[in-house]
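Q: I'm new to this one. Can you walk me through a couple of spots in it?

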Amino acid sequence: MTHVSRERDVAFPLVPMQEKNSTCVLLVEAFYGGSHKQLIDLLKENVVGCVAHTLPAKKWHWRARTAALHFMQAIPPSSSYRVLFTSSVLNLCELVALRPDLAPLKKVLYFHENQLVYPVRKDQERDFQYGYNQILSCLVADAVVFNSLFNMNSFLSSVGAFLKRMPDHRPKDLASLLRPKCSVLHFPLRFPSVASLLPEHKLLRGPAAAAAASPDDDITVPPGQMPEPRLEDPEAPRSEELGSQSNNEARGTPPETRKPAVPSGPGHSSSLGQGEAPGHCGTSIRDVPAGEGEQTASMGGCGPGDQTKPLHIVWPQR
């Protein structure tokens, strides 16, 4: 029984209950530091039946060149191995050749970065051996996993140009041979709880919702701290009335000559002043461009029989 990832066919075996003590996944990391260490530690904690063999994160260039020779002697023989998981720092081709008993395993190669496009000061300084080792490791692996789509595409698209540095007898179409076994599996992240960092008014849920949530999620709202919905004050002036008042003050219109707001909606009757269109709620014809008055009035439908609640339109103040 296997657990298959959402990208292609990278699989880790799920150990039956009676075989929990057996080892099934062999984790090999030639550069045990940074993101390489985080990934290995996460797999050890969450995948049953893992055993890890690592080298300290020092002298990266020597790890890439000689780690296979070290692991040949460090990994004990075992018939319980099912999956070999390693990063692209290790020359997987050399390890499998030195340890033929590891060849039948499901070999998964994970790319944190690739040496075909890794930034260097000048292309002449790029060591051909590192990129060449990664290409050989991909050919030996059963599944090649990249941490991003860019990482995968940049590697596959650079294989042909990279091998042109060979003086002669260059292999052809290696990228098409590697592509079917390649997939993207983004680097896993584990976020700590942020509940202690949030102020009380930023907490998300009340006690009832928190009781139904998982025990790891402790973002709750203390009793009595739930925010109340904001209700519109019926006595407060509406935005269009405030806008009309501010425009009158800007034009210097005396207070006694200002036109009061005309209420609209069912139950209100009023005499329309000059320049106001019947059926058009709260908007005068002076505010409507020429030729659009009839269209605006026909769209209104603001009578008691056409509208149950008034429509409040807030015009931006210019």
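A: Start with N114, which is buried, at a relative accessible area of 3%. Buried means under 20% relative accessible area (1.4 Å probe, protein chains only). This is a predicted model: local features need pLDDT of at least 70, side-chain atom pairs count only at pLDDT 80 or more, and totals for chains, interfaces and linings use all residues. Residues are numbered from 1 along each chain as its sequence is written, and side-chain values use heavy atoms, leaving out hydrogens and water.

Q: Where is N114 in the chain?
A: N114 sits in the loop between β6 (106–111) and α4 (128–140). Helices (H or I, at least four residues) and strands (E, at least two) are DSSP runs, numbered from the N terminus.

Q: Which residues is N114 in contact with, leaving aside neighbours within four places in sequence?
A: Q134, N151, S154 and F155. Contact means heavy atoms within 4.5 Å.

Q: And what does the side chain of N114 reach at 3.2 Å?
A: The backbone nitrogen of V117. A polar atom of that N114 side chain also lies 3.1 Å from the backbone nitrogen of L116.

Q: New topic. How many residues of strand β5 are buried?
A: 5 of the 5, residues 83–87, so β5 is largely enclosed by the rest of the structure.

Q: Which way do they point from β5?
A: V83, F85 and S87 point one way, L84 and T86 the other. In a regular strand, side chains alternate between the two faces of the sheet.

Q: What is the bridge partner of F85 in β6?
A: V108. From β5 the chain crosses through helix α3 (residues 92–98) to β6, a right-handed β-α-β crossover. Right-handed means that, with the strands pointing away from the viewer, the path from the first strand over the helix to the second runs clockwise.

Terms used:
Buried means under 20% relative accessible area, exposed over 50%, partly exposed in between (1.4 Å probe, protein chains only). A polar contact is a pair of N or O atoms within 3.5 Å; within protein, one must be able to donate a hydrogen and the other to accept it, and residues adjacent in sequence count only if both atoms are side-chain atoms. Two strands pair if DSSP finds at least two bridges between them.
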